Amino acid sequence: MRLGVLDVGSNTVHLLVVDAHRGAHPTPMHSEKTVLRLAEQITKNNHLSKQGAQALVEAIENAKAAAARLGCEELMAFATSAVREADNSSDVLRKVADETGVELTVLSGVDEARLTFLAVRRWFGWSAGQLLVLDIGGGSLEVAMGIDEEPALAESLPLGAGRITRTRFAHDPPTRSELVSTSAWLEDQLAPLAKRVAKLGVPDRVVATSKTFRSLARLTGAAPSAAGPRVRRTLSQTALRQLIAFISRMEAADIAELEGVSASRAHQLAGGALVAQAAMRALSLEELEICPWALREGVILRRLDHSNGDEATVRRGRTTGDSNRLDLGELDQAR
């Protein structure tokens, strides 16, 4: 069957369409993004602005129409940190539902970590042993670790690439003092997490997901996306240190010209690189392996897991024209 996943993040509204059924590899059929930078639309009183909310409605309406046009039998829609942290999130969710018919599920940071971990576990399989998974988003850093499909540790910290850029850097490019102070601050923020991770032992495999890590790996010599998802890609601490010395001196407009960097995220790449470096140092990681699956795939896999294998059950009577709230109640049951 054909499923649509709509991911409302800090930077983009991303529609991913896949052909999938329980027990099978989800096959991507279509992907499209709308750049909104919702995190930058948060006002001083911590509300998503009226302009931001209206832009979100329009982006979701367009994505819903695209999903219907592409034959999606269900559209699963969720939002992460930008919507989650806005004080008027309930009003925004109501506006989206009233005007588009799409009911956004707001994921907690812990659920982001858990679903991403599930995707990585399925990608690498049981032979990967104890996995340690890192994911840098626009608003938060997710870390999960464990030997099963449900991680023993799943945490989310407000250390996303966009958040660091907005709150720690006043200049483009950032000054040396901003870089030094931010690195020291990140070290302090990550120290308690490092202790909790250490209690679980040494991971058998360390994996990073999502756009920030993929861009950093590409800029340090990893294969381009055209080489396909199954090519092994890595990011080493040594290569990352050299990259930071290079991009931290560049303006965002120049970073956007680099291969593997999207224009919508170029302004926050230096901030994301500092988070990646701080996390690798705190967790004593010399190298990360890049996984092509992340949160969206985790949402798909969890959804399919809770069907009985036939399409009627997966749909539960819902289509892209009906109310389509993503039901993640099983996450609470698994805790």
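These questions and answers cover charged residues in a predicted model.

Visitor: What counts in this predicted model?
Guide: Local features need pLDDT of at least 70, side-chain atom pairs count only at pLDDT 80 or more, and totals for chains, interfaces and linings use all residues. Residues are numbered from 1 along each chain as its sequence is written, and side-chain values use heavy atoms, without hydrogens or water.

Visitor: What makes Arg218 and Glu259 a salt bridge?
Guide: A salt bridge needs a side-chain nitrogen of Lys or Arg within 4 Å of a carboxyl oxygen of Asp or Glu. Arg218 and Glu259 meet at 2.9 Å, N to O. Arg218 sits in helix α7 (residues 210-219), and Glu259 in the loop between α9 (252-255) and α10 (269-282). They are 41 residues apart and link distant parts of the chain.

Visitor: Why is Glu259 called exposed?
Guide: Exposed means over 50% relative accessible area, buried under 20%, partly exposed in between (1.4 Å probe, protein chains only). Glu259 has 53%, so Glu259 is exposed.

Visitor: Why are Arg114 and Asp111 called buried?
Guide: Arg114 has 3% relative accessibility, so Arg114 counts as buried. Asp111 has 10% and also counts as buried. The two form a salt bridge, with the closest N and O atoms 3.1 Å apart.

Visitor: How many residues separate Arg114 and Asp111 in helix α4?
Guide: They are 3 residues apart in α4 (residues 109-124), so about one helical turn separates them. Helices here are DSSP runs (H or I, at least four residues), strands likewise (E, at least two), numbered from the N terminus.

Visitor: Why do Arg37 and Glu40 count as partly exposed?
Guide: Arg37 has 26% relative accessibility, so Arg37 counts as partly exposed. Glu40, at 39%, also counts as partly exposed. They form a salt bridge, with the closest N and O atoms 4.0 Å apart.

Visitor: How many salt bridges does a search of the whole structure find?
Guide: The search finds 18.

Visitor: What makes the patch of Asp172, Glu251, Asp254 and Glu257 negative?
Guide: Asp and Glu count as negative, Lys and Arg as positive, and His and the chain ends are not counted. These four residues form a negative surface patch. Patch members have over 30% relative accessible area and no salt bridge; like charges are joined within 9 Å, nonpolar side chains (Val, Leu, Ile, Met, Phe, Trp, Tyr) within 5 Å. Asp172, at 46%, counts as partly exposed. Asp172 lies in the loop between α5 (161-168) and α6 (176-198).

Conventions. Areas by Shrake-Rupley, 256 points an atom, 1.4 Å probe, with all protein chains shown as cover. Charge placed at Lys NZ, Arg CZ, Asp CG, Glu CD.
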